[in-house]
Amino acid sequence: MKRNVISKKWMYFPIVSMLISTIIGLFIFNLTLSNWIEEKIEAGLASEITRITHKLQASDLPFNDLEKLDIYIKTDIELSRQNHITLIAFDGTVLADSDISLIEVMNIENHLNRKEIVDAKNNGHGTTTRFSTSRFKDLLYSANSFSYKGENYILRVATPLTRIESMANELMTILALLMTISLGLVTASTLLSSKLMNQQVQHEKDLQESKIEQRTLEIELLRRLTNMLAACNSIDEAQMIVEDIIPRILGNVNGVVSLIRSSRNQLLVKLDWGGAWPGSKTYAPEECWALRKGKFHLANDKYTTLPCSHMAEAQTEHPEANQTLCIPLVAHGNTIGMMHLYSGDQDLSNETQQLAFTVAEHLGLALANLNIQEKLREQAISDPLTGLYNRRYYEETINQELMRAKRYKQELSLLMLDLDHFKLFNDNYGHDAGDYVLKTIGSLLIESMRGEDTICRLGGEEFIIILPETGIEAARQIANALCKSINGLHLAMKDLSLGKLSVSIGISTYPINGMQKDELTKLSDVALYEAKERGRNQSCHYSDLIIMGDEVVTPTKVIAQDDKNLETHVIDI
């Protein structure tokens with residue numbers, strides 16, 4: 001019932017408003033129309049005088065030659081409809097007129113007593129309205145004085161007052177037409193207002209439903225983002241998730257997540273979406289305003305234009321397109337990284353910015369938890385003393401590498417290393433020295449091996465290295481180089497020389513020596529034992545051993561076979 005009352009009031013409001021405004025408008029219009037038109041025409045005449053004056057000054061005509069001047073005035077000067085001009089000397093003598101002949105001009109009386117001429121002579125401009133006895137109608141006169149070749153002249157333009165009345169009648173006709181149209185529109189709008197209001201209400205309802213649906217979608221996407229990130233085991237899996245979900249939340253916006261290194265002196269881009277990132281992939285904390293302020297930073301707003309230094313490359317390539325939003329990622333009270341959004345020359349809407357803040361909150365917590373998981377996993381698969389992988393990681397990795405070698409039909413070699421006389425070394429110099437040596441060996445192995453090689457400490461002074469895509473000869477060369485490098489180390493701790501250290505290395509190769517993990521590991525250990533037997537500080541490949549039946553016979557023995565009784569005799573040499 002209340003809505004119906006409001007609707008009825010709304011229906012009558014346009015009619016009442018239009019009638020009141022029409023009455024007031026007609027009254028004011030009637031008072032000011034004639035004066036307004038006269039002012040407009042006077043302004044037009046002044047403009048006409050200026051134009052003609054400039055043309056006369058540029059004509060270089062001798063004004064004392066009245067015949068030429070008369071022809072020029074009548075033929076070369078264009079005038080608006082119903083206007084005519086008169087050229088008058090400063091003493092009031094008429095020199096030329098666009099409407100009457102030269103003979104009539106010469107007989108015209110002196111115009112020095114005309115008001116517009118007197119005002120033009122004294123003030124530079126004059127205007128008056130009077131009845132013209134020569135043209136038998138009311139005219140509006142406008143005159144200006146000007147200089148030409150050192151002499152002063154007056155140019156006058158006249159137009160009939162009937163022109164003003166005609167214009168007023170035309171405007172009144174137009175006004176009447178507009179009023180008729182307006183009243184028709186008001187009537188039509190009154191009839192349609194109820195329908196339009198219903199449509200507006202429905203539109204608002206649809207808009208609200210659309211917003212609710214959009215918010216529901218955003219909440220669901222945020223929930224899925226959080227759940228999927230919580231289920232991640234690595235940063236690579238997190239990359240797949242943010243690349244898929246975040247563009248659905250924030251739209252077509254380029255973005256990255258950079259994490260602070262443990263040293264706190266550098267940030268590295270770890271996650272990205274929306275295309276290639278135009279800014280720096282690594283940067284120092286002081287290069288980002290948001291990190292320095294401890295809160296988000298928008299590169300361009302209505303107050304400032306302060307882009308971050310880590311976006312210098314993007315500014316160089318596209319100086320006009322550098323809108324960036326930087327948001328700190330905070331988890332458990334600590335800033336763990338940054339989220340950067342780059343929209344180029346497009347401004348980020350307030351809704352997008354608010355969504356970005358929410359996404360940053362979820363990312364901060366998820367990545368902090370992922371970082372904790374990775375650290376725990378790293379601790380589980382790493383040797384705390386040397387920083388190398390441990391036996392557990394070796395057991396996981398060797399199977400994967402063997403399957404990969406089998407799939408791509410590649411060779412794979414194992415190097416098993418054992419430091420020579422390490423127990424004696426520990427007894428002589430103490431366990432601190434032993435730990436120092438193990439750390440040094442670990443660093444040397446990391447520096448010496450390839451990125452795709454896997455280096456593990458099995459325990460004590462024993463190490464094993466997985467060499468993908470490596471055959472027998474290549475494995476021998478690598479093992480011999482390691483023996484030489486380790487033997488060439490100068491070991492010293494606290495100015496105490498620890499002497500030289502050597503290593504024995506056993507080698508086995510897939511698929512020549514074996515196909516399974518345990519088999520290859522055992523054969524490497526057999527080859528290592530042979531390297532020890534040969535005098536240490538050297539390597540030995542299992543293929544260097546002589547195999548007979550189930551017995552492994554080393555090359556330090558000679559095999560003799562009795563052809564008669566097929567008995568085998570092993571004789572030491």
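**Pocket lining and helix packing**

Colleague: Which elements each supply at least two residues of the lining of the largest pocket?
Modeller: β6 (254-260), β7 (267-273), β11 (334-344) and α9 (350-381) each do so, where helices (H or I, at least four residues) and strands (E, at least two) are DSSP runs numbered from the N terminus. This is a predicted model, in which local features need pLDDT of at least 70 and side-chain atom pairs pLDDT 80 or more, while totals for chains, interfaces and linings use all residues. Residues are numbered from 1 along each chain as its sequence is written, and side-chain values use heavy atoms, leaving out hydrogens and water.

Colleague: And which one gives the largest share of that lining?
Modeller: That is α9, with seven residues.

Colleague: Which residues lie nearest the pocket's centre?
Modeller: Of the 20 lining residues, L259, I260, S262, N371 and K375 do; a pocket is an open set of points on a 1 Å grid over the protein atoms alone where a 1.4 Å probe fits, with protein on both sides within 12 Å along at least five of seven lines, and lining residues have an atom within 4 Å of a point.

Colleague: Switching to packing, how do the axes of α6 and α9 cross?
Modeller: The axes of α6 (residues 235-250) and α9 come within 12 Å and cross at roughly 170°, so the two helices are roughly antiparallel (over 145 degrees).

Colleague: Which α6 residues meet α9?
Modeller: I235, A238, V242, I246, I249 and L250 do, and their partners in α9 include L355, V359, L363 and E374, with contact meaning heavy atoms within 4.5 Å.

Colleague: At what angle do α11 and α12 pack?
Modeller: Helices α11 (residues 422-429) and α12 (residues 431-448) pack at about 135°, with axes 7 Å apart.

Conventions: Axes fitted to C-alpha atoms, helices over the stretch in contact; angles between N-to-C directions. Parallel < 35°, antiparallel > 145°, perpendicular 65-115°, else oblique.
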